[in-house]
Amino acid sequence: MCFIFRLIAVFCLTAASCATDNPFNADGCGPNIYGETLSRPTIGRLMEFPWLARLGYRKFDEDSIEYLFQGTLIHPRYVVTTVFAAGYNRNTLEFVRLGDYHTETDEDCQEISDNELCAPPPQDIPIQQIIRHPKHNKPRLANDLALLKLLNPANITTPFVRPICIPTDGNIPLNEFAALFISAWCGSVKSGISVVPKQYRMQLISESLCAEKLASHIHIDFDQSQFCAVMDLDKQQKLNVKDLNLRGSTGAPVQMLGPDGSFYLVGITSVGVRNAPIEMPYVFVRVQEMTEWLMQTVVGEEQKRKWT
């Protein structure tokens with residue numbers, strides 16, 4: 001039995017993918033609940049980002065759990081975030097919270113089409129294992145990806161918790177014309193972190209321009225695992241420019257609509273300048289470059305789970 005398991009695991013971890021065991025993009029992934037494409041409100045709505053996760057940390061020498069940074073559900077048993085978020089300070093990352101919306105209410109309700117819609121309680125799931133990308137920080141700040149393996153699978157039968165789709169076949173072009181949206185609990189130092197998720201349109205920019213703008217704050221040797229984008233604001237958003245900032249969004253998803261009308265995860269918030277002005281770019285993990293590692297890792301972990 002052990003020999004059979006090792007043979008299967010080795011096969012799946014060395015092939016580009018296990019074609020019959022693609023762990024991602026099950027029916028219902030990345031739902032566009034509200035049907036909009038380019039124009040979306042700044043304040044996120046209930047069910048709008050059912051893949052958005054909050055990360056729960058146990059403080060050093062304390063029993064309480066504090067939810068700080070963010071991640072993205074890509075499979076009932078797996079959430080992706082950054083290595084920084086996975087190992088934040090002296091805190092221990094222990095839980096993933098799914099299906100949350102308003103961080104200061106016990107019950108999340110919202111008027112939708114003249115009807116009140118209320119969400120079930122969030123799902124708090126212990127983290128079984130943190131798997132860091134083997135090439136993290138090679139070069140510096142590159143491959144900033146961590147996979148959180150959950151102890152129990154998320155309940156994805158509810159529309160409030162669903163995985164996002166993953167670009168696996170190159171059909172999600174990431175270029176200057178891509179309509180990118182970031183969703184996160186975030187805010188400026190003045191306004192504080194938002195109690196509900198916000199979403200902003202992002203504009204891809206070149207690595208050279210990005211490096212130039214970041215030069216006085218941080219040096220990054222860009223590689224294929226990263227991309228840069230700036231906030232792409234409409235007129236109304238620019239009126240509230242003092243409150244616009246992605247502070248607190250580490251690990252949050254950048255998504256875009258695919259040709260099938262579903263949302264795909266294309267980026268993960270990795271590096272930003274503290275108290276950044278509006279024109280300052282942010283650095284994101286380029287998910288499409290990570291798909292093979294994610295697929296191999298998840299398939300390998302699932303094979304181990306089934307055979308042990």
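Visitor: Over which residues does pLDDT stay under 50?

Guide: Residues 1–20. pLDDT is the predictor's confidence in each residue, from 0 to 100. For that stretch the model has 20 contacts beyond four places in sequence, a contact being heavy atoms within 4.5 Å. Where pLDDT is low, the predicted coordinates should not be read in detail.

Visitor: What ground rules apply?

Guide: This is a predicted model, where local features need pLDDT of at least 70, side-chain atom pairs count only at pLDDT 80 or more, and totals for chains, interfaces and linings use all residues. Residues are numbered from 1 along each chain as its sequence is written, and side-chain values use heavy atoms, with hydrogens and water left out.

Visitor: What is the mean pLDDT of the protein chain?

Guide: The mean is 87, and 91% of the residues reach 70 or more.

Visitor: Why does Arg54 count as buried?

Guide: Buried means under 20% relative accessible area, exposed over 50%, partly exposed in between (1.4 Å probe, protein chains only). Arg54 has 11% relative accessibility, so it is buried. Arg54 is found in strand E1, residues 52–58. Helices (H or I, at least four residues) and strands (E, at least two) are DSSP runs, numbered from the N terminus.

Visitor: What makes a polar contact with the side chain of Arg54?

Guide: The side chain of Asp100, at 2.8 Å. A polar contact is a pair of N or O atoms within 3.5 Å; within protein, one must be able to donate a hydrogen and the other to accept it, and residues adjacent in sequence count only if both atoms are side-chain atoms. Arg54 also touches residues including Tyr67, Phe69 and Trp185.

Visitor: How do you know that strand E9 is mostly covered?

Guide: Five of its five residues, 180–184, are buried. Leu180, Ile182 and Ala184 point one way, Phe181 and Ser183 the other. In a regular strand the side chains alternate between the two faces of the sheet.

Visitor: Which strands pair with E9?

Guide: Pairing takes at least two DSSP bridges. E10 (residues 198–205) has five with E9, antiparallel. Ser183 stands opposite Gln199 there. E12 (residues 253–257) has two, also antiparallel. Its Gln255 is the bridge partner of Phe181.

Visitor: What makes a nonpolar core?

Guide: Buried Ala, Val, Leu, Ile, Met, Phe, Trp, Tyr and Cys residues, joined through side-chain atoms within 4.5 Å. The largest has 43 residues; Ile74, Val96, Leu147 and Leu294 have the most contacts inside it. Helix H5 (residues 291–307) gives the largest share, five residues. Another core, of 38 residues, lies apart from it and includes Leu180.
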